[in-house]
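Thanks for coming. I will go through one model this morning and keep to what was computed from its atoms.

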Amino acid sequence: MPTEYFEQRERALLGQRYEQLYAAPQQTAERGVTVSALRTTPEQFAQRADFPLEPSPFCKSAFVVHQPDFKPGRHPYHHAGVFYSQEPSASSAAPLLGGQPGVRGLGMCAAPGGKSSQLAAALQGRGVLVSNEYVAARAEILKSNLERMGVSNAVVLNETPARIAEALPEFFDRVLVDAPCSGEGMFRKNQEARQHWSAKTVLFCHDRQLEILAQAAIMLRRGGRLVYSTCTFNDIENEGVLKRFLALHPEFTLQPFALPGLPEAKDGYLHLYPHEMRGEGHFVSRLNKSADTSETESPVQAAPKKKTSARPAASAKGKAPAPIALPDVFSDAFTPNRLYAAGDALWMLPEQISIERLHGLRVLRTGLLLAHAEGRRSEPDHALAMALRPKEAARTANLTIEQALAYQAGETLALGDLPGGYTLLCCEGVSLGWGKQAGGMMKNHYPKGLRRRN
């Protein structure tokens with residue numbers, strides 16, 4: 001990092017804030033978790049959590065964790081999708097969208113999935129959430145995290161923004177652009193961000209951010225809402241990007257907002273500084289797209305231009321797919337619908353989107369994976385178990401915390417005389433995964449790649 005240039009620029013930008021922000025020795029970065037409303041309530045989580053925490057001001061479902069050696073990936077609640085490890089200020093952007101059940105939401109640059117999981121919780125399984133990540137390896141992480149969080153109505157894409165805009169113009173009610181940036185707000189949390197910073201990187205990010213926003217503008221319906229956020233301080237990537245975007249897109253205007261415990265964002269954007277609140281550096285802004293007609297007008301239904309089919313990642317290779325049957329694991333409280341078979345997998349499509357609308361796009365997940373083929377058998381998928389509530393399963397078994405840890409480690413359980421067949425194993429009202437009762441033992445069907453290691 002060219003420290004002399006950076007210091008001169010930061011002093012000019014921050015004024016008296018510079019000494020406070022970069023005073024040595026610096027405090028350690030804040031830790032936080034965001035609770036999924038698809039799993040539990042913040043109040044229930046606070047009562048059950050076995051680590052010290054306090055409510056975060058940025059989001060009703062977020063908490064600051066007061067435990068320096070906290071390792072969220074080892075906690076059973078993390079494996080169960082009850083919470084997502086997310087530094088506190090990062091939870092501020094998603095609530096600004098005002099997501100609600102039934103809307104069409106889009107998360108751009110969505111990996112690893114924290115903000116997308118917040119959007120999904122706001123939708124409560126209604127409508128559709130499209131989450132896109134351009135980098136293939138990060139897109140797989142995004143897909144895995146949304147499955148862990150029990151999201152049933154997400155479409156996960158690994159695409160360029162331009163190709164999505166071509167397929168889905170004016171389709172979305174809400175769009176979140178959490179843009180790739182120079183990461184100045186993460187310097188005390190991530191030394192790698194500090195090492196990779198350069199003036200050239202800032203300018204490169206500016207151009208890329210503007211390009212992503214231009215495509216987001218195409219995808220947002222008239223009367224829709226756009227949130228633009230970064231984790232950097234400089235005005236080139238923040239106010240500078242917004243200024244150029246608004247000059248090119250006069251149909252957009254910045255909208256004032258307020259976050260609890262922070263100054264009102266009268267101009268439609270706000271800087272979050274680590275020395276002024278409990279979280280790392282962040283920038284958030286909210287914009288509206290003007291409506292020529294009613295705010296509730298249905299989005300444009302443009303016909304897809306390509307004849308190629310969507311490319312689901314679940315298709316089998318090198319063998320004829322087995323016929324997929326709907327698994328016998330549902331109670332009357334859950335009725336699978338909008339079914340879509342692809343290769344050796346059976347999916348339930350989200351509301352308000354069709355396979356035809358996804359033609360030609362690289363699709364990693366098409367809603368909820370209900371079942372997959374194992375040889376000539378059809379078995380319920382782990383993603384289905386994570387999305388089901390206990391009351392929606394035909395057979396359930398409640399585990400203690402100790403049994404849940406053993407199950408997540410791959411152990412077979414002795415749960416007494418239970419009916420045979422696939423059983424949804426639960427702990428404290430939260431679904432964990434499938435087991436299959438046979439011979440007086442509950443055989444473990446927790447995916448091997450997800451199992452806890454002692």
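Before anything else, a definition: a residue is buried under 20% relative accessible area, exposed over 50%, and partly exposed in between, with a 1.4 Å probe and protein chains only. Helices (H or I, at least four residues) and strands (E, at least two) are DSSP runs, numbered from the N terminus. This is a predicted model, so local features need pLDDT of at least 70 and side-chain atom pairs count only at pLDDT 80 or more, while totals for chains, interfaces and linings use all residues. Residues are numbered from 1 along each chain as its sequence is written, and side-chain values use heavy atoms, with hydrogens and water left out.

Overall, the protein has 12 helices and 22 strands. Of its 454 residues, 54% are buried.

Now helix 5, residues 114-123. Nine of its 10 residues are buried, so the rest of the structure largely encloses this helix. Among them are Gly114, Lys115, Ser116 and Leu123.

Next, helix 9, residues 199-219. Its 21 residues reach 31 Å from first C-alpha to last, close to the expected 30 Å, the expected span being 1.5 Å times one less than the number of residues. Its buried residues include Val202, His206, Leu213 and Met219.

Last, the strands. Which strand does strand 7 pair with over three bridges? Strand 7 (residues 154-157) pairs with strand 16 in the antiparallel sense; pairing requires that DSSP finds at least two bridges between two strands. Leu157 stands opposite Val363 of strand 16. In strand 16, residues 362-366, four of the five residues are buried.
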